[in-house]
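Thank you all for coming; I would like to walk you through one protein model this morning, going from the overall picture to a handful of individual residues.

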Amino acid sequence: GKTTIDDRWADDYALPNIDACQHWNLVNGEEVNGYTVIEVSRSLVTNDTQDRPITPGLNRVIYAFGRNDDDAVQYHSSNRGVSAIEFYADAPQQPSPTENALTAEFLMSNAALPASHTAYMCQTYKVPFVPNLKQHIIQIDPIIDKVSEKYVHHFFVSSCKNDSTFQGYIDNPQMCHDMGGCTSTVYAWAK
């Protein structure tokens with residue numbers, strides 16, 4: 001069949017939207033020994049708010065694909081994953097945490113899981129803030145205990161508005177509802 005691609009984006013658990021600016025270009029698409037191989041290209045920095053810049057060194061990538069070869073964009077089911085890809089070499093060395101680095105653990109409070117097969121749970125955390133100190137997140141490591149690991153298949157860390165919607169999630173895990181106030185994904189993990 002004919003290979004086609006779309007530049008899409010999502011900020012919710014929903015069908016990804018078509019990006020108004022189509023920055024991805026199809027270079028080649030073919031079936032090779034039963035595998036679909038697609039080669040695409042894009043500028044490293046697009047200045048599009050719906051794209052993320054591709055930076056030197058390892059870039060975290062999440063991906064998903066449909067269950068068959070039809071043209072419809074559909075729910076990925078278990079066809080998903082996460083990886084780190086070095087898009088181009090000569091990356092500057094990342095600073096390692098120093099003795100002056102602040103650390104914090106954010107753990108999901110005990111939550112009763114609904115009986116449904118898939119449930120999206122959300123919880124809000126207040127990040128420690130030191131006045132008059134420029135702060136950056138330099139490392140995130142998932143902490144998943146043995147009891148929970150059979151239930152957790154992915155999670156996102158997002159930057160959200162500090163409004164009444166998200167105040168209700170502080171130390172109070174609930175089913176995710178209107179997450180439109182979350183403006184950007186800071187970190188994503190999937191198994």
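Predicted model: local features only at pLDDT ≥ 70, side-chain atom pairs only at ≥ 80, totals over all residues.

**A salt bridge, a patch and some loops**

Let me start with D6, which counts as partly exposed because its relative accessibility is 43%, where buried means under 20% relative accessible area, exposed means over 50%, and partly exposed lies in between, with a 1.4 Å probe and protein chains only. Residues are numbered from 1 along each chain as its sequence is written, and side-chain values use heavy atoms, with hydrogens and water left out.

Which residue forms a salt bridge with D6? The partner is R8, and the closest N and O atoms of the two are 3.2 Å apart, a salt bridge being a side-chain nitrogen of Lys or Arg within 4 Å of a carboxyl oxygen of Asp or Glu. R8 is also partly exposed, since its relative accessibility is 28%. A search of the whole structure finds one salt bridge.

Leaving aside neighbours within four places in sequence, V73 is in contact with D6, R8 and L15, where contact means heavy atoms within 4.5 Å. V73 is partly exposed, because its relative accessible area is 40%. The C-alpha atoms of V73 and A14 are separated by 11 Å, and these two residues are 59 residues apart along the chain.

Now let me step back to the whole protein. Along the sequence, the pattern reads β-β-β-β-β-β-β-β-α-β-β, so that we have one helix and 10 strands, with helices (H or I, at least four residues) and strands (E, at least two) taken as DSSP runs and numbered from the N terminus. The C-alpha atoms fill a box of roughly 55 × 45 × 35 Å along the principal axes. The protein has 191 residues, of which 14% count as buried. If we take the contacts between residues at least 6 apart in sequence, 54% of them join residues at least 24 apart.

One of the buried residues is A190, which has a relative accessibility of 10% and lies in strand 10, residues 182-190. Which residues does A190 touch, not counting those up to four places away in sequence? They are G81, V82, H153 and H154. For V82 the C-alpha distance to A190 is 5.4 Å, although the two are 108 residues apart in sequence.

A101 gives us another pair to look at, this time with R80: the two are 21 residues apart in sequence and 34 Å apart in space, C-alpha to C-alpha. A101 is placed in the loop between strand 6 (80-86) and strand 7 (121-122), and A101 counts as partly exposed because its relative accessible area is 28%.

On the surface, W24, L26, I38 and V40 form a nonpolar patch with about 310 Å² of accessible area together. Patches here are made of residues with over 30% relative accessible area and no salt bridge, with like charges joined within 9 Å and nonpolar side chains (Val, Leu, Ile, Met, Phe, Trp, Tyr) within 5 Å, and the areas come from the Shrake-Rupley method with a 1.4 Å probe, only the protein chains shown counting as cover for residues.

Finally, a word on backbone angles. Most residues other than glycine have a negative phi. S77, however, has a positive phi of about 55° although it is not a glycine, and S77 lies in the loop between strand 5 (58-64) and strand 6. D171 also has a positive phi, near 50°, and its place is in the loop between helix 1 (164-167) and strand 9 (174-175). Are these two buried or exposed? S77 is partly exposed, because its relative accessible area is 27%, whereas D171 counts as exposed, because its relative accessibility is 56%.
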